[in-house]
Amino acid sequence: EVQLVESGGGLVQPGGSLRLSCAASGFTFSSATMSWVRQAPGKGPEWVSTIYKYIVTNTYYADTVKGRFTISTDNAKETLYLQMNSLRSEDTAVYYCAKGDSYEYEYWGQGTQVTVSS
């Protein structure tokens, strides 16, 4: 059974940092394509970042987070991370990890709330 469990969300002031984690199980994590997607209140889902780990590792970011967010994995821990720096109010959203990319998200986590506010 595939499971994706996010953690690390919370309330942070503008300019602050958070690191989200997504513990994965039930599939071969070391070669899996993984993504972060967020959904702000009253808006549709927004792709944030994807990491591809087939032969070489490649990472991609939405323009809205490029230079501020970093996606990474720890294959030994089967965990996906999203390091978020220089947070802005517009980053407030529920953040989901997903197996796959924007062509097909196969599985989703339950989400973790990130609120950026003073």
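**Stop 1**

Select E106: with a relative accessible area of 41%, E106 is partly exposed. The classes are buried for under 20% relative accessible area, exposed for over 50%, and partly exposed in between, with a 1.4 Å probe and protein chains only. This is a predicted model, in which local features need pLDDT of at least 70 and side-chain atom pairs count only at pLDDT 80 or more, while totals for chains, interfaces and linings use all residues. Residues are numbered from 1 along each chain as its sequence is written, and side-chain values use heavy atoms, with hydrogens and water left out.

E106 and K99 form a salt bridge, with the closest N and O atoms 2.8 Å apart. A salt bridge here is a side-chain nitrogen of Lys or Arg within 4 Å of a carboxyl oxygen of Asp or Glu. K99 is buried, at a relative accessible area of 14%.

**Stop 1: the other salt bridges**

The count comes to five salt bridges. Show R38, E46, R68 and D91 together: salt bridges with shared partners join them into one network. Zoom in on D91 and R68, whose side chains meet at 2.7 Å, N to O. D91 sits in the loop between strand 8 and strand 9, and R68 in the loop between strand 6 and strand 7, so the pair ties together parts 23 residues apart in sequence. Strands are DSSP runs of E, at least two residues long, numbered from the N terminus. D91 is buried, at 0% relative accessibility. R68 is buried too, at 7%.

Move to D63 and K66. Their side chains form a salt bridge of 3.2 Å, N to O. D63 counts as exposed, at 68% relative accessibility.

**Stop 2: the disulfide**

Which two cysteines are joined by a disulfide? Select C22 and C97: their sulfur atoms are 2.0 Å apart. The rule is a pair of cysteine sulfur atoms within 2.5 Å, and the count comes to one disulfide. The link of C22 and C97 is right-handed, with 45° about the S-S bond. C22 lies in strand 3 (residues 18-25) and C97 in strand 9 (residues 93-101), so the pair ties together parts 75 residues apart in sequence. Both C22 and C97 are buried.

**Stop 4**

Two strands pair if DSSP finds at least two bridges between them. Strand 7 and strand 8 (residues 79-84) pair over six bridges. Pick F69: the bridge partner in strand 8 is M84.

**Stop 3: strand 4 and its partners**

Is strand 4 largely enclosed or open? Five of the six residues of strand 4 (residues 34-39) are buried, so the rest of the structure largely encloses it. Strand 4 pairs with strand 5 in the antiparallel sense over six bridges, and M34 stands opposite I51 in strand 5. The hairpin of strand 4 and strand 5 has five residues between the strands, and there G42 takes a positive phi near 75°. Strand 4 also pairs antiparallel with strand 9, over six bridges. Q39 has V94 as its bridge partner in strand 9.

**Stop 4: out to the surface**

Finish at Y54, in the loop between strand 5 (45-52) and strand 6 (58-61). Y54 counts as exposed, at 66% relative accessibility.

Conventions. Helices (H or I, at least four residues) and strands (E, at least two) are DSSP runs, numbered from the N terminus.
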